[in-house]
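Please read the following report alongside the sequence and the model. It moves from the sheet to the annotated residues and then to the domains.

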Amino acid sequence: MSDKADLKSMNLAEMTEFIVSIGEKPFRAKQVYQWIHEKQADSFDEMTNISKKLRESLADAGYLTTLKKEEVQISKLDGTRKYLFQLEDGNVIESVLMRYKHGNSVCISSQVGCRMGCRFCASTLDGLVRGLRPAEMLDQIYQIGKDIGERISNVVVMGTGEPMDNFDNLLRFIELLTDENGLHISQRNLTVSTCGIVPRMRELADKKLQITLALSLHASNQEKRLSLMPVANKYDIHEVVDACRYYFDQTGRRVTFEYSLVGGVNDTDQDAEELCRLVKGMNCHINLIPVNPIKERDYVQSNAKVIAAFKNKLEKNGLAVTVRREMGRDIDGACGQLRKSYVDSHKSEE
Ligand SMILES: C[S@@+](CC[C@H](N)C(=O)[O-])C[C@H]1O[C@@H](n2cnc3c(N)ncnc32)[C@H](O)[C@@H]1O
Ligand code: SF4
């Protein structure tokens, strides 16, 4: 594939350049682009209003990334679906479909693995393999939409990987996903979650997009954050929170703080008080996530009473708080676990 052009990652300007380079008229570019992104064609043969000759030229010089559905787990409780997709190079990634009253939301992976090393996260246990191309991020959404035969209305970049560690591809993905000639998902319906890569957060803020930024905070002081997230070595907690303030100033979009509650680690009254001081005066939303234990680590969930008390304290201080509803509890492994168990079982078969 490497000597051929990755057509699904191209924007319309690049597609036009490509079409001209293979000796075709520029107006064909929009047709091809719409086949790929609006009608989500998986093959050139589906592009029926395009001549056979052009379809052959497209196949000679380019390719369409199409993810292969390897496994799907469906929750009997709420219809949540966990997908395992195989990429063209044999790597596997996972994506999740969550069904809400307000629409279908897909959580996508941005990398194969992750190199950030957060202590509670299964996605990072085997390190980073590579970043996903824009087409590989998009096709998770396209394939899931086709699988259920319904429109996807919301997208969260919260699966395996650190999106800010794959920044250029993330930006192109956002451009294509929200483009009016494609799936045309509203920027407001897209959330990007980061562990806090400060320069990239500021760069994203400067783009003044209307997407929601979510920061994985997980602690209310530098010392505790460092014990959970090695990225804090590079960017101090105050620097990261300042970058969130900057994001709000530039975009007017309320930032979400994700805070995974880990029993006995970051869930005390004092932690809650410190958190209130840390985000004081900010227009933000706090999403409390009961940590999902992984077998490789001995972290446990905070109990229900502790979670309620933590939430209560924040609310009394005027903060907007939600506790993440556990979707697909019956199929739910922690994020990255489905992929990890697949990879491990295939390793042991070798
Ligand atoms: C998998 S990360 C991907 C996006 C980005 N890398 C980040 O850290 O925000 C998405 C969210 O899942 C959280 N997470 C990871 N492992 C978890 C676990 N075992 N239990 C609960 N939340 C977890 C992360 O902290 C983060 O807030
Ligand atoms: S929480 Fe996010 S940044 Fe941290 S290891 Fe997992 S995927 Fe990577």
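In this predicted model, 10 strands form an open sheet of mixed pairing, in the order β3-β4-β5-β6-β9-β10-β11-β12-β13-β14. Helices (H or I, at least four residues) and strands (E, at least two) are DSSP runs numbered from the N terminus, and two strands pair if DSSP finds at least two bridges between them. Because β3 (68-74) and β14 (320-323) each have a single partner strand, they stand at the edges, and one side of each is left without a neighbour in the sheet. From one strand to the next the twist averages 20 degrees.

Helix α4 (residues 134-148) packs on this sheet, where it touches β3, β4 (81-86), β5, β6 (103-107) and β9 (154-157), and its direction makes about 50 degrees with that of β5. Such axes are lines fitted to C-alpha atoms, for helices over the stretch in contact, with angles from 0 to 180 degrees between N-to-C directions, while contact between two residues requires C-beta atoms, placed from the backbone, within 7 Å. Elsewhere in the sheet, strands β11 (residues 212-216) and β12 (residues 255-261) run parallel and are joined by 3 bridges; the partner of Leu215 in β12 is Phe257.

Residues are numbered from 1 along each chain as its sequence is written, and chains are lettered from A and ligands numbered from 1 in the order in which they are written. Local features need pLDDT of at least 70, side-chain atom pairs count only at pLDDT 80 or more, and totals for chains, interfaces and linings use all residues.

A residue is buried if 20 or more other C-beta atoms, placed from the backbone, lie within 10 Å of its own, exposed if 12 or fewer, and partly exposed in between.

| Residue | C-beta neighbours within 10 Å | State |
|---|---|---|
| Glu94 | 26 | buried |
| Asn292 | 17 | partly exposed |

Glu94 lies in strand β5 (residues 92-100), whereas Glu162 lies in the loop between β9 and α5 (167-178).

The chain is assigned domain 1 (5-63) and domain 2 (68-349), with bounds from an automatic or database domain assignment. Their contact takes 11 residues from domain 1 and 14 residues from domain 2.
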